[in-house]
Amino acid sequence: MKKINYIEDFQTWQRDFEFYIPIKVRFSETDMFGHLNNTVPFIYFEQVRIELLKSLGFMEEWNQIDSHVIPVVADLQCDYIQQVFFDEEIKVYIKIHKIGQSSVDLHYMGKKLNDSICFTGRGTLVKLNKLTGKGEKWTEHEMNILERQMKNVARI
């Protein structure tokens, strides 16, 4: 497998994933060669990221009309390991890799049903204040939730 700069030990890195969503590749997500278009994993990353944030209780607060904070993706990358085709079923995983003062570094992994990895990724999500346009520190409560999620996965 190729060397990916944000993964030190691939076996350890892979073992730390727990949260995932199942996805069945739709025809509209493939290109003229019949394989998954290279932009689609970013949509999958968004799907799994939103589901994780909902499960942690963040989206409920952030979706309030009077909320002054929003989650913003500051950067996002994907590394393609193998092709994925129409109608294949995959699991898209997400984990918290590192927590900053107002950001979180998230890692992603796409796996086929035979457990082979088809893509990996990483990205930074920032809790942004809509009024100032600047990052807003995690509250103590939010930090506890993020740390608990990170430790739950790291225990595997």
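**View 1. Pairing of strands β4 and β5 in the predicted model.** In β5, glycine 123 is the bridge partner of leucine 106. Strand β5 (residues 117-129) and β4 run antiparallel and share nine bridges; helices (H or I, at least four residues) and strands (E, at least two) are DSSP runs, numbered from the N terminus, and two strands pair if DSSP finds at least two bridges between them. Four residues separate the strands in this hairpin, where aspartate 115 adopts a positive phi near 75°. The model is predicted: local features need pLDDT of at least 70, side-chain atom pairs count only at pLDDT 80 or more, and totals for chains, interfaces and linings use all residues. Residues are numbered from 1 along each chain as its sequence is written, and side-chain values use heavy atoms, with hydrogens and water left out.

**View 2. Burial of strand β4.** Because 10 of the 10 residues of β4 (residues 103-112) are buried, the strand is largely enclosed by the rest of the structure; buried means under 20% relative accessible area, exposed over 50%, and partly exposed in between (1.4 Å probe, protein chains only). In a regular strand the side chains alternate between the two faces of the sheet. Ser103, Asp105, His107, Met109 and Lys111 point one way from β4, whereas Val104, Leu106, Tyr108, Gly110 and Lys112 point the other way.

**View 3. The hairpin of β3 and β4.** Nine bridges connect strand β3 (residues 89-99) with β4 in an antiparallel arrangement. Three residues lie between the two strands, and lysine 95 is placed opposite histidine 107.

**View 4. The open sheet.** Five strands follow the order β1-β3-β4-β5-β2 with antiparallel pairing. The edge strands β1 (19-24) and β2 (69-80) each pair on one side only.
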